[in-house]
Amino acid sequence: MRGINKVTGTLGMDDQALHIQQSMYQYSRAIYRSIKDLIDPYASQADQIEYRRAVLEACEQTMERLARDPQYFAKPERSLFQDIRRYFPITAQAQVAWTVTEGVTAAVAFIEDQIEAGAFDGGVPRCHATTRKGKPCQRTPLPERDYCPSHQHLERSKVAA
Ligand SMILES: [Zn+2]
């Protein structure tokens, strides 16, 4: 079905989805870059690395979810701040909260513009795989692919077939 759609010219749609994904990634990186050096300086070196990874992951997950379900994600900035605040000292909390609010608000405005422009037809594409529990995989596919990183082997077997 998807193959047919591609041939009959929904390629523009895919390009837009890719554009949205890439933009969300930029917003996520921007937030991360602005706050990564505020991470608890008294934590051990190993912990600081772990905290950075957790903060980056939380930023990315927030943006992915925002791109997938923009209409149903209430207060994404609060949700992200709650997820990551424990990695920062008290003295940095206000700055982190401000940065997260600014970054997420900008991303939400971008998504809203895309919705208004009609670029959103059910959101960014989802992975075509079915999970072991029989539900559709909710993850974002790799750029220009039909499957997420965990299911990318399915893409290869499809190509081989
Ligand atoms: Zn998947």
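## A tour around helix H4

Helices H4 and H5 are oblique to each other. The reason is the angle: they pack at about 140°, and only angles over 145 degrees would count as roughly antiparallel. This is a predicted model.

**Stop 1: the whole chain.** Show the protein chain as a cartoon. How many helices and strands does the protein chain have? There are 6 helices and 0 strands. Trace the elements from the N terminus and they read α-α-α-α-α-α. The protein chain has 161 residues, of which 23% count as buried. Now think about contacts between residues at least 6 apart in sequence: 55% of them join residues at least 24 apart.

**Stop 2: H4 and H5.** Select residues 76-84 for H4 and residues 90-116 for H5. Their axes are 9 Å apart. The crossing is right-handed. Next, show side chains at the contact. On H4, pick Pro-76, Glu-77, Leu-80 and Phe-81. On H5, pick Val-96, Ala-97, Val-100, Thr-101, Val-104, Thr-105 and Val-108. Colour this contact by class: 8 residues are nonpolar, 2 are polar and 1 is charged.

**Stop 3: H3 and H4.** The angle between H3 and H4 is about 160°, and their axes lie 10 Å apart. H3 is therefore roughly antiparallel to H4, since the angle is over 145 degrees. This crossing is right-handed. Which residues of H3 meet H4? Select Val-55, Ala-58, Cys-59, Thr-62 and Leu-66 in H3. Their partners in H4 are Pro-76, Ser-79, Leu-80, Asp-83 and Ile-84. By class, this contact counts 7 nonpolar, 2 polar and 1 charged residues.

**Stop 4: the buried side of H4.** Hide the rest and look along the axis of H4. Which residues of H4 are buried? Select Pro-76, Leu-80, Phe-81 and Ile-84. These residues sit on the same side of H4, because they span an arc of only 130° around the axis.

**Last look.** Centre on Leu-80 of H4. Leu-80 is among the buried residues of H4. Then move to Pro-76 of H4.

Definitions and conventions: Residues are numbered from 1 along each chain as its sequence is written. This is a predicted model: local features need pLDDT of at least 70, side-chain atom pairs count only at pLDDT 80 or more; totals for chains, interfaces and linings use all residues. Axes are lines fitted to C-alpha atoms, for helices over the stretch in contact, and angles run from 0 to 180 degrees between N-to-C directions. Helices (H or I, at least four residues) and strands (E, at least two) are DSSP runs, numbered from the N terminus. Angles under 35 degrees count as roughly parallel, over 145 as roughly antiparallel, 65 to 115 as roughly perpendicular and the rest as oblique. A crossing is left-handed if the near helix is turned anticlockwise from the far one by less than a right angle, and right-handed if clockwise. Two residues are in contact if their C-beta atoms, placed from the backbone, lie within 7 Å. Ala, Val, Leu, Ile, Met, Phe, Trp, Tyr, Cys and Pro count as nonpolar, Asp, Glu, Lys and Arg as charged, and the others, Gly among them, as polar. A residue is buried if 20 or more other C-beta atoms lie within 10 Å of its own, exposed if 12 or fewer, and partly exposed in between; C-beta atoms are placed from the backbone. The arc is that of the directions from the helix axis to the C-beta atoms.
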